[in-house]
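I opened this entry to record what I looked up in the model. The coordinates and sequence are placed below for reference.

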Amino acid sequence: MQKRHYSTKEVLKKIGVSRNTIFLWFKHRKIPEVRRDRNGYRIFTSGDIQLILNYKNKVMPPKEN
């Protein structure tokens, strides 16, 4: 059975980015905000993790000058 919710620390380990990076992605709205528990801590679902991985692995063409 798969876990239903993940902590920020668990997600950082799964996706392989730093805490600062993921918080900047939230701040600049690169990834959608996730739900929070009653203490204000972020709680991630498997779907949230997949969206973050999709953004992390997105390939963009180079910008033209």
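**Basis.** I worked from a predicted model, in which local features need pLDDT of at least 70, side-chain atom pairs count only at pLDDT 80 or more, and totals for chains, interfaces and linings use all residues. Residues are numbered from 1 along each chain as its sequence is written, and side-chain values use heavy atoms, with hydrogens and water left out.

**Fold.** I found 3 helices and 0 strands, in the order α-α-α along the sequence. Helices here are DSSP runs of H or I with at least four residues, strands are runs of E with at least two, and numbering starts at the N terminus. The C-alpha atoms fill a box of roughly 50 × 25 × 15 Å along the principal axes.

**Core.** The largest nonpolar core has 13 residues, and V11, I15, I22, F44 and I52 have the most contacts inside it. Helices α1, α2 (19-27) and α3 (46-56) each give two or more residues to this core. Such a core joins buried Ala, Val, Leu, Ile, Met, Phe, Trp, Tyr and Cys residues through side-chain atoms within 4.5 Å.

**I52.** Beyond neighbours within four places in sequence, I52 is in contact (heavy atoms within 4.5 Å) with V11, I15, I22, W25, I31 and F44.

**T8.** I placed T8 in helix α1 (residues 8-15). T8 counts as buried because its relative accessibility is 11%. Outside four places in sequence, T8 is in contact with R19, F23, R42 and F44.

Terms used
Buried means under 20% relative accessible area, exposed over 50%, partly exposed in between (1.4 Å probe, protein chains only).
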